[in-house]
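Hi everyone, thanks for coming. I've got one protein to show you today, so let me put it up on the screen.

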Amino acid sequence: MTQLLDRQFVQKRIGEGGSGISYAEFSYTLIQGYDFLHLFRTYNVDLQLCGADQFGNCTSGIHLIKRLEDANADCYSCPLIIDKVTGRKFGKSEGNAVWLDANKTSIFDFYQFWLNQSDDALEDYFKYFTFIMPEELGQILAEHRENPGARLGQKRLGYEVTKVVHGEEAAKQAEKLTAFLFGNGKIEDLSKDDIELLAKSFPTAETGKTLVDVLAETGLASSKGEARKLISGNAISINGVKATEDQTIFALSLIKKGKNKFALVK
């Protein structure tokens, strides 16, 4: 208890002018410590990895294992990755995390995440997340600075990180789909695997339904009434062609709303 009360963040919360602290927040380090103890007892885990902000919680587990099991355990902490634009860390609690599991963050969405990073973050993220050597990195950044609007740095970053996590073929596929979605590609040129990746990345509806029904069903419109307004306002396209009226969709089609909202009909 004394160790918990002596922690700086606790002192700030319960000291003069502090906002107070809930029991859940106060006991969080104990919960994480007992979690480490459970892993040690059940699975013989004696090393826990964490972000630098969790180091104190990990050491709670080390102390418990030492006292209750008379055994040694260790903690390996890494510096936090900070978004230079927002000043927030990468993490689930901040709402800006991506999963390595393709079932939780699709390969396409994973690629897009890196494609949307700021110019200021490029150099750090290349160093953190890719195997690009310094000489090549310098060349990439120089080419990017010559024409930032082309986003050459972001495209290379997205490709390289996706290759590390999902493999080279997946990186090429994500690159191809991005060019298709934001270029003048034709849906008939996509492979079966490309279509499957689109289906995992965007809301999907079955053929044989009207455009209005598809827009409402996939969430591109909040209601059928809004769907009709979007169509009449030239905000909807089917396979790159503006939709001017409601129609039944019988074939594989990509529905686009505005600049970057999509749905697939198949």
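I'll go from the overall picture to the strands, then a helix pair, and end with a few single residues.

Quick housekeeping before that. This is a predicted model, so local features need pLDDT of at least 70 and side-chain atom pairs count only at pLDDT 80 or more, while totals for chains, interfaces and linings use all residues. Residues are numbered from 1 along each chain as its sequence is written, and side-chain values use heavy atoms, with hydrogens and water left out.

Okay, the overall picture. The protein has 12 helices and 9 strands; these are DSSP runs, helices being H or I with at least four residues and strands E with at least two, numbered from the N terminus. Its radius of gyration is 25 Å, well over the 18 Å that the globule rule gives for 266 residues, so the protein is more spread out than a compact globule. That radius is taken over C-alpha atoms, and the rule is 2.2 Å times the number of residues to the power 0.38. Picture the C-alpha atoms in a box of roughly 70 × 50 × 40 Å along the principal axes. And 35% of the 266 residues count as buried, where buried means under 20% relative accessible area, exposed over 50%, and partly exposed in between, with a 1.4 Å probe and protein chains only.

Now the strands. There's an open sheet of 5 strands with mixed pairing, in the order β3-β9-β8-β5-β6. Which strands stand at the edges? Those are β3 (204-205) and β6 (241-242); each has a single partner strand, so one side of each is left without a neighbour in the sheet. Further in, β5 (residues 236-238) and β8 (residues 253-257) pair in the antiparallel sense over 3 bridges. Two strands count as paired if DSSP finds at least two bridges between them. Ser 237, for instance, has Lys 256 of β8 as its bridge partner.

Elsewhere, β1 and β2 run parallel, joined by 5 bridges. In a regular strand the side chains alternate between the two faces of the sheet.

On to the helix pair. Helices α9 (residues 168-181) and α10 (residues 192-201) pack at about 75°, with their axes 11 Å apart. Axes here are lines fitted to C-alpha atoms, for helices over the stretch in contact, and angles run from 0 to 180 degrees between N-to-C directions. The residues making the contact include Leu 177 and Phe 180 of α9, and Leu 197 and Leu 198 of α10; contact means heavy atoms within 4.5 Å.

Last, some single residues. Asp 70, in the loop between α4 (55-69) and β2 (74-78), has a positive phi near 50°. Is Asp 70 buried or exposed? At 62% relative accessibility, Asp 70 counts as exposed. Arg 151 also has a positive phi, near 55°, and Arg 151 is partly exposed at 31%. Thr 130, in the loop between α6 (122-129) and α7, is buried, with a relative accessible area of 8%. Not counting residues up to four places away in sequence, Thr 130 touches Tyr 125, Leu 157, Glu 160 and Val 161.
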